[in-house]
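Please read the following report with the sequence and the model side by side.

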Amino acid sequence: MTLGKFIAFEGGEGAGKSTQARLLADALTARGIACVVTREPGGTPGAEAIRGLLLGTSGAGWHPRAEALLFAAARSDHVERLIMPALEAGQWVICDRFVDSSRAYQGGAGGLGDAEVIALHQVGSKGLLPDLTLLIEVSPETATARATARDGEAADRIGGRDAGYHARVAQVFGALAVAEAARFARIAGDGTAEMVHRQVLAALAPLLGPA
Ligand code: TYD
């Protein structure tokens, strides 16, 4: 059985990742490709429980190291119990965020450093990387407008961090996409969902083959 492909969407808050993940799943299904859509933090019961610990808004929040360990632990369960079994069954996995989020948020904006996040990912998930990571980039104005329309005043503990934190997240994502260009596609996310979806399909063409 051929392994399925592992596709991740990355980007800041309000970039439109989950909309694009759904549109991609519909397009793959229409081509007869079996796929699962999942998200991080979460995707399995254990990882969803950790999501509650990470994003709940009560309490002081986690120290940056503890936060990174919790994301890595959630990812480990997700990889072992959902992502690898699905890929091994030949399904494609479309994941809303993966380890590059930890590199941008905890490693970059949170100040932990990239090497530490990579080390945690090696322990937790044997360093698994997606076949392709689609980085959706939007202007800060679009991101704020979309996140406010979705969350109002109810942003989660990480989404609610200040503008400087989110600017650093965006900057690190961009730097990763340049440094590791072979496994990234940069997608301009300010247009309509349909316009963005067309770019996603174009980026995936090498993996999809002829329609
Ligand atoms: P979510 O509601 O899924 O946000 P979004 O819709 O913007 O993707 O919440 C996930 C939050 O967790 C988001 O603020 C990004 C953050 N996060 C990290 O800080 N590190 C990580 O490794 C992951 C996967 C998410």
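Helix 1 (residues 17–30) and helix 8 (residues 193–208) pack at an angle of about 55°, with axes 10 Å apart. Here an axis is a line fitted to C-alpha atoms, for helices over the stretch in contact, and the angle between N-to-C directions runs from 0 to 180 degrees. Helices (H or I, at least four residues) and strands (E, at least two) are DSSP runs, numbered from the N terminus. Helix 1 and helix 8 are therefore oblique to each other, given that angles under 35 degrees count as roughly parallel, over 145 as roughly antiparallel, 65 to 115 as roughly perpendicular and the rest as oblique. Their crossing is right-handed; a crossing has this name if the near helix is turned clockwise from the far one by less than a right angle, and is left-handed if the turn is anticlockwise.

This is a predicted model, in which local features need pLDDT of at least 70 and side-chain atom pairs count only at pLDDT 80 or more, whereas totals for chains, interfaces and linings use all residues. Residues are numbered from 1 along each chain as its sequence is written, and side-chain values use heavy atoms, with hydrogens and water left out.

Which residues bring helix 1 and helix 8 into contact? On the side of helix 1 they are T19, Q20, L23, L24, A27 and L28, and on the side of helix 8 they are A193, V196, H197, V200, L201, L204 and L208, where contact means heavy atoms within 4.5 Å. Sorted by class, the contact of helix 1 with helix 8 holds 10 nonpolar, three polar and no charged residues; Ala, Val, Leu, Ile, Met, Phe, Trp, Tyr, Cys and Pro count as nonpolar, Asp, Glu, Lys and Arg as charged, and the others, Gly among them, as polar.

Two further helix pairs can be described in the same terms. Helix 2 (residues 45–55) packs on helix 3 (residues 64–88) at about 160°, their axes being 8 Å apart, which makes helix 2 roughly antiparallel to helix 3. The crossing of helix 2 and helix 3 is left-handed, and the contact is formed by G46, A47, I50 and L54 of helix 2 together with E67, L70, F71, A73, A74 and D77 of helix 3. By class, this contact of helix 2 with helix 3 has seven nonpolar, one polar and two charged residues.

The axes of helix 4 and helix 7 come within 9 Å and cross at roughly 125°, so helix 4 is oblique to helix 7. The crossing of helix 4 and helix 7 is right-handed. D100, S101, R103, A104, Y105, Q106, G108 and A109 in helix 4 meet Y165, H166, R168, V169, V172, F173 and L176 in helix 7, a contact of eight nonpolar, four polar and three charged residues.

Next come some points of backbone geometry. Most residues other than glycine have a negative phi, and most peptide bonds are trans. The peptide bond that joins E40 and P41 is cis, with omega about -10°, and P41 lies in the loop between strand 2 (35–39) and helix 2. Two residues that are not glycine have a positive phi, and the table sets out their values and places.

| Residue | Phi | Loop |
|---|---|---|
| R97 | about 80° | between strand 3 (92–96) and helix 4 (99–109) |

R97 is buried, with a relative accessible area of 13%, whereas K126 counts as exposed at 68%; buried means under 20% relative accessible area, exposed over 50%, and partly exposed in between (1.4 Å probe, protein chains only).

A185, in strand 5 (residues 184–188), counts as buried at 13% relative accessibility. Leaving out residues up to four places away in sequence, A185 touches L132, T133, L134, L135 and A203.

How many disulfides does the model have? The count comes to zero, a disulfide being a pair of cysteine sulfur atoms within 2.5 Å. The sulfur of C35 has its closest cysteine sulfur in C95, 13 Å away, which is too far for a bond. C35 is buried, at 19% relative accessible area, and C95 is buried as well, at 0%.
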